[in-house]
Amino acid sequence: MNNKKFIYIPSFSAGSYGNAITKDQGFKNGKPIRLYDENMDESLRHDWFLAPAGHFYKKMDYRDKIKIPVTSNLNLMGDSGGFQIATGALKWSTDLKKQIFSWLEHNSTVAVNLDIPPKIQYEGKFDECLEISAENFKYFYENQSGKTKFLNVLQGETLEKYQAWYDKVKDFEFSGWCLGGCGVSLNHFLSAIATFIDNKEHLKQNNEILHILGTSKIIDFFILSQLQKSFNDIGCAIQVTTDSSSPNNGSRFGTYYTHSDLKTGAFKNIHIPKPSLGKDFKIIDGLKMLPKTSTCDNWLEDCYDWEDLYDYTAVINCVIVLHNYGVFRDTKNTIDNLVNGHPYFMDQMVDSNIVTIIKIVENMVIGSQNGGSAKQIYRKNRHVIDRVSHRLFSETLKESTHDYF
């Protein structure tokens with residue numbers, strides 16, 4: 001039986017941390033900044049890294065810039081840039097499709113097909129997004145060299161829309177799938193999973209990876225851990241992965257994650273003040289060290305000094321990014337241990353609503369394997385999912401929002 005655990009992939013290519021890895025910077029004491037550096041401490045080292053083609057498609061030497069050799073076992077996942085198109089940061093064109101494909105082929109070991117998510121500027125344009133995306137997938141399918149493992153993309157909101165999207169693009173054979181829209185709500189997430197499972201994509205030999213785009217809430221980690229465990233239990237070899245930039249984005253606002261609360265389903269955080277903003281943060285006086293709340297903090301403690309902290313330099317930004325990632329990694333590992341452990345401990349440590357959701361996920365996989373329908377299980381539990389979604393979203397929002405001014 002497989003013993004795989006789901007993989008959380010950091011998306012930290014932008015901001016101060018992204019600049020540091022591109023410019024080959026290190027900490028003052030000589031310790032490396034790059035998560036994937038062979039000298040990085042084991043509490044932080046990761047052999048996966050995600051970069052969006054939407055940001056870097058004009059830099060064909062990006063992989064070289066961030067020091068990932070072609071011969072390396074490191075995995076650079078290239079996101080397609082579809083989100084940047086949806087926001088309007090990138091203007092869609094046929095030429096852009098070709099540029100992004102070339103960038104992904106040249107830089108990525110695993111890459112997401114260029115889809116147009118039906119949201120933000122494309123809200124209400126599901127059919128148009130599907131048509132453009134299908135044409136893009138056809139181009140990727142016909143031009144892929146085999147060097148990069150491309151992943152098909154499934155978008156939607158409801159069971160019906162996810163199925164309609166699937167029916168349009170299912171015949172393009174790639175190395176796996178990405179599920180989009182899952183971070184919006186539990187209903188989106190479970191609808192996408194049910195569609196994927198009922199169409200038996202996890203059982204096809206060409207599919208090596210199932211990637212969930214942009215999810216890292218605690219409930220997401222539980223779902224992903226259970227999904228991977230259930231696939232392992234039925235002898236399915238597919239690897240479940242997800243990504244997010246949350247630990248990186250939070251550092252811009254001084255957000256310093258401390259731990260996760262499995263009862264509320266929220267990451268807890270405190271605020272690191274920025275005297276350079278001109279605020280009267282006298283509390284910084286005498287502060288020598290950031291709180292240690294993660295397994296990585298002992299390694300990070302001599303990577304910065306008081307001046308970095310007081311001036312909130314690029315160095316301290318990188319320290320906070322790495323610390324925040326460490327908290328997410330610790331949480332992910334704790335959740336894996338609980339999901340793969342005895343339910344007696346799970347029931348005591350975890351919110352009962354989260355336990356309910358992961359049992360639904362388990363039933364989807366096992367039920368479909370035994371001749372049932374994951375979609376039917378989803379529909380049967382829709383009222384429970386709605387209730388849990390409302391409660392967990394409210395608790396997470398309440399626990400994660402702070403007013404510092």
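Mentor: Partly exposed means a relative accessible area between the buried limit, under 20%, and the exposed limit, over 50%. Keep that in mind for this predicted model.

Trainee: Why is Lys200 called partly exposed?

Mentor: The relative accessible area of Lys200 is 33%. Buried needs under 20% and exposed needs over 50%, so Lys200 counts as partly exposed.

Trainee: Where does Lys200 lie?

Mentor: Lys200 is in the loop that runs between helix H8 (186-198) and strand E7 (209-212). Its phi is positive, near 60 degrees, and Lys200 is a residue other than glycine.

Trainee: Why does Lys67 count as partly exposed?

Mentor: Exposed requires over 50% and buried under 20%. Lys67 has 47% relative accessibility, so it counts as partly exposed.

Trainee: How many helices and strands does the chain have?

Mentor: There are 17 helices and 10 strands in the chain.

Trainee: How do you know that the chain is as compact as a globular protein of that length?

Mentor: The globule rule gives 22 Å for 405 residues, and the radius of gyration of the chain is 21 Å, close to that value, so the chain is as compact as a globular protein of that length. The C-alpha trace spans about 65 × 50 × 40 Å along its principal axes.

Trainee: What share of the residues count as buried?

Mentor: Of the 405 residues, 57% count as buried.

Note on methods. Residues numbered from 1 in each chain as written. Predicted model: local features only at pLDDT ≥ 70, side-chain atom pairs only at ≥ 80, totals over all residues. Heavy atoms only, no water. Helix = DSSP H or I, 4+ residues; strand = E, 2+ residues; numbered from the N terminus. Rg over C-alpha atoms; globule rule 2.2 N^0.38 Å. Buried < 20%, exposed > 50% of the residue type's maximum accessible area, 1.4 Å probe, protein only.
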